[in-house]
Amino acid sequence: MTRSYTREAGPELAGEMSLPSGTTDYPQAPDALRVGRTDAVLMSLVGQDAIDFNRAFGAAGLSRAMLRLSCAIGENELLGIGGDNAEELYVACGYFATLDTEANLAFKERYRAHFGERAPTLNTFGQSTYEGMHFLAALLDREQGRQVDHERLGSAPLRYRSARNAAYEGDGITRTPIYLARAEGNAFRVITQF
């Protein structure tokens with residue numbers, strides 16, 4: 001997909017590299033990026049692999065030289081990467097703990113009231129699990145008093161709003177925003193919504 005989008009948009013695709021999952025040694029990647037005079041890197045690494053790559057990227061002094069975009073880095077990974085290695089790091093995702101919406105502020109208040117100030121960091125995975133459970137509860141609540149018709153569950157009208165400002169109304173999803181955020185130290189700052 002990246003190759004076709006790049007051709008359509010016009011920039012030159014300098015190259016692509018596949019890295020083995022679970023590796024902790026990334027010297028070839030920063031060297032290849034430096035030699036290729038790369039402007040931007042699209043990363044598909046997840047979890048510890050994303051942390052280790054971005055640490056190596058920062059240690060090689062590339063954080064200021066080129067931007068990175070990921071769709072799979074959350075708040076926990078950013079803490080692992082460290083603020084010193086996060087310059088010019090952008091992430092596109094459905095949720096960020098720093099999302100400044102009334103729904104998210106209320107969600108965070110309920111979360112901290114229930115789990116305390118030392119609760120684990122909110123992130124897209126935790127929020128998605130929370131949202132999924134509430135979405136299921138709304139589906140089942142609508143069916144209360146009737147035998148659950150599993151075929152009807154996915155098509156009957158339902159109203160639900162989430163902490164990330166997704167809205168489900170009528171017979172389908174009407175709005176599921178994706179946010180673009182920039183890493184600023186150990187936190188994300190949401191720049192725009194798509």
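In the predicted model, the side chains of Arg164 and Glu131 are joined by a salt bridge with an N to O distance of 3.0 Å. Arg164 belongs to the loop between β4 (160–161) and β5 (167–169), whereas Glu131 is part of helix α6, so the pair ties together parts that are 33 residues apart in sequence. Both partners, Arg164 and Glu131, are buried. Side chains of opposite charge can pair when their charged atoms come close.

The whole structure holds five salt bridges. Among them is the pair formed by Glu184 and Arg189, whose side chains meet at 2.6 Å, N to O. Glu184 is partly exposed, with a relative accessibility of 40%, and Arg189 is likewise partly exposed, at 41%. A further salt bridge links the side chains of Arg112 and Glu117 at 3.9 Å, N to O. In this pair Arg112 is partly exposed at 34% relative accessibility, while Glu117, at 66%, counts as exposed because its value is over 50%.

In soluble globular proteins, nonpolar side chains tend to be buried together. The largest nonpolar core of the model comprises 32 residues, of which Leu33, Phe53, Phe57, Ile73, Leu89, Phe96 and Phe188 touch the most other members.

Ile73 is one of the core residues that touch the most other members. When neighbours within four places in sequence are set aside, Ile73 is in contact with Met43, Ala50, Asn54, Leu78, Ile81, Leu89, Val91 and Phe188. Of these partners, Leu89 and Phe188 are themselves listed with Ile73 among the core residues touching the most other members.

Aromatic side chains were also examined. A pair of aromatic rings is described by the distance of the centres and the angle of the planes. Six aromatic pairs are found in total. In one of them, Phe53 and Phe57 adopt a tilted arrangement, with 5.8 Å from centre to centre and 40 degrees between the planes. The two residues, Phe53 and Phe57, both lie in helix α3, where they are four residues apart, about one turn of the helix. Phe53 and Phe57 are both buried.

A second tilted pair is made by Phe107 and Tyr111, with 6.5 Å between the ring centres and 35 degrees between the planes. Phe107 and Tyr111 are both located in helix α5, again four residues apart, about one turn of the helix. Phe107 has a relative accessible area of 3% and is therefore buried. Tyr111 has a relative accessible area of 16%, which is under 20%, so Tyr111 is also buried. Phe107 and Tyr111 take part in one aromatic cluster together with Tyr95, Phe115 and Tyr130.

Met133, Leu136 and Leu140 make a nonpolar surface patch of about 270 Å². Leu140 is found in helix α6, which spans residues 124–142. With a relative accessible area of 38%, Leu140 is partly exposed, because this value lies between 20% and 50%.

Conventions: Residues are numbered from 1 along each chain as its sequence is written. This is a predicted model: local features need pLDDT of at least 70, side-chain atom pairs count only at pLDDT 80 or more; totals for chains, interfaces and linings use all residues. Side-chain values use heavy atoms; hydrogens and water are left out. A nonpolar core is a set of buried Ala, Val, Leu, Ile, Met, Phe, Trp, Tyr and Cys residues joined through side-chain atoms within 4.5 Å. Buried means under 20% relative accessible area, exposed over 50%, partly exposed in between (1.4 Å probe, protein chains only). Contact means heavy atoms within 4.5 Å. Rings of Phe, Tyr and Trp (its six-membered ring) pair if their centres lie within 6.5 Å; planes under 30 degrees apart count as stacked, over 60 as edge-to-face and the rest as tilted. Patches are made of residues with over 30% relative accessible area and no salt bridge: like charges are joined within 9 Å, nonpolar side chains (Val, Leu, Ile, Met, Phe, Trp, Tyr) within 5 Å. Accessible areas come from the Shrake-Rupley method with a 1.4 Å probe; for residues, only the protein chains shown count as cover. A salt bridge is a side-chain nitrogen of Lys or Arg within 4 Å of a carboxyl oxygen of Asp or Glu.
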